[in-house]
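I opened my notebook to look up a few things in this structure, one entry at a time. Here is what I wrote down.

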Amino acid sequence: VPVVDTTAAGDSFVASFSTLWRAGLPARQALAFASHAAAITVSRPGAIPSLPTLAEVTALLRERGLSVNIELKNSRAAFPALEEKTLEAVEKAGMREKTIYSSFNHYVLMKLREVDPKAKIGLLYSEAMVDPWVYANYLHADAIHPHYLAALGCPGLIEGCKKAGVEIHPWTCNDEQVVCDLASAGIEAVITNYPDKAREAIENR
């Protein structure tokens with residue numbers, strides 16, 4: 001991006017990283033988002049006026065042709081109108097078709113669907129679940145986002161989800177061999193702290 005004024009670049013980076021990291025996002029993903037936020041900040045003059053919104057960061061991702069998974073952190077603390085504000089920001093950025101929303105709080109995803117029935121949702125969970133594709137179909141979810149160990153320990157997961165039309169996006173898998181094994185098994189995406197290494201491993205498997 002063209003550099004106009006570096007004022008508040010550090011503030012933007014630190015605020016973005018701290019907020020996302022404290023909310024539970026893996027450090028590498030929080031750093032990537034913070035870098036995008038800081039890049040937007042230096043592209044315009046001033047301090048407060050230069051700080052980017054979610055919509056602006058999302059728009060930058062759109063320009064690069066990327067899809068985005070937005071995790072709604074509304075489990076331990078309630079953020080009023082989080083669902084509505086997030087959907088509005090994504091719509092404003094023109095990323096509606098390239099965004100999937102995930103959360104450990106599945107009630108939040110149901111509320112989001114009430115606002116936008118066509119929103120893509122992924123069900124986050126950490127422990128092994130019996131026939132998760134049945135639950136996903138019950139909630140009309142597009143995908144499940146299990147911890148990768150829970151995915152590996154679920155008999156018939158790949159076959160069940162394929163038949164049910166439910167995508168599988170395991171998290172957070174940083175082992176390149178496991179990433180390759182999951183990709184070979186037919187999952188659609190993997191959530192990792194090292195997307196560059198995962199992509200290279202899959203391409204070279």
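**Entry 1**

I looked up Asp131 and found it in the loop between β3 and α6. My labels follow DSSP: helices are H or I runs of at least four residues, strands are E runs of at least two, and both are numbered from the N terminus. Before going on, I noted that this is a predicted model, where local features need pLDDT of at least 70, side-chain atom pairs count only at pLDDT 80 or more, and totals for chains, interfaces and linings use all residues. Residues are numbered from 1 along each chain as its sequence is written, and side-chain values use heavy atoms, with hydrogens and water left out.

Asp131 has a positive phi of about 45 degrees, although it is not a glycine. I jotted down the background: most residues other than glycine have a negative phi. Asp131 is partly exposed, at 36% relative accessible area. For the cut-offs, buried is under 20% relative accessible area, exposed is over 50%, and partly exposed lies in between (1.4 Å probe, protein chains only).

Ala81 also has a positive phi, near 60 degrees, and is not a glycine. I found Ala81 in the loop between β1 and α4 (82–92). Its relative accessible area is 29%, which makes Ala81 partly exposed.

**Entry 2: the sheet**

In what order do the strands of the open sheet stand? I read off β1-β2-β3-β4-β5, five strands with parallel pairing. Strands count as paired if DSSP finds at least two bridges between them. β1 (68–71) and β5 are at the edges with a single partner strand each, so one side of each has no neighbour in the sheet.

β1 runs parallel to strand β2 (residues 99–103), and four bridges join them. Across from Asn69 I found Ile100 in β2, and across from Glu71 I found Ser102 in β2. Which face of β1 is covered? Val68 and Ile70 make up the covered face, while Asn69 and Glu71 make up the uncovered one.

Then I moved on to β4 (residues 143–146). Ala143 and His145 on one side are buried, and so are Ile144 and Pro146 on the other, leaving both faces of β4 covered. Strand β3 (residues 120–125) pairs with β4 in the parallel sense over four bridges. Leu123 has Ile144 in β4 as its bridge partner. On the β5 side (residues 167–168), β4 pairs in the parallel sense over two bridges, and Ala143 stands opposite Glu167 in β5.

I also traced the path from β3 through helix α6 (residues 132–138) to β4, and together they make a right-handed β-α-β unit. Right-handed means that, with the strands pointing away from the viewer, the path from the first strand over the helix to the second runs clockwise.

**Entry 3: cysteines**

How many disulfides does a search of the whole structure find? I got zero, with a disulfide taken as a pair of cysteine sulfur atoms within 2.5 Å. Cys154 is in no disulfide, and the nearest cysteine sulfur, in Cys161, is 7.5 Å away. Cys154 counts as buried at 10% relative accessibility, and I found it in the loop between α7 (148–152) and α8 (157–164). Cys154 and Ala128 are 26 residues apart in sequence, yet 6.4 Å apart in space, C-alpha to C-alpha.

**Entry 4: a cavity**

I searched the whole structure for cavities of 30 Å³ or more and found one. On a 1 Å grid over the protein atoms alone, a cavity is a set of points where a 1.4 Å probe fits but cannot get out, and lining residues have an atom within 4 Å of a point. The largest cavity has a volume of about 30 Å³, where volume is the space filled by probe spheres set on the points, with grid points joined across faces, edges and corners.

Its lining includes Cys173, Asn174, Tyr194 and Lys197. α9 (176–185) and α10 (195–203) are the elements giving two or more residues to that lining.

Note on methods: 1 Å grid on protein atoms, 1.4 Å probe; cavity = no way out; pocket = protein on both sides within 12 Å on 5 of 7 lines; lining within 4 Å.
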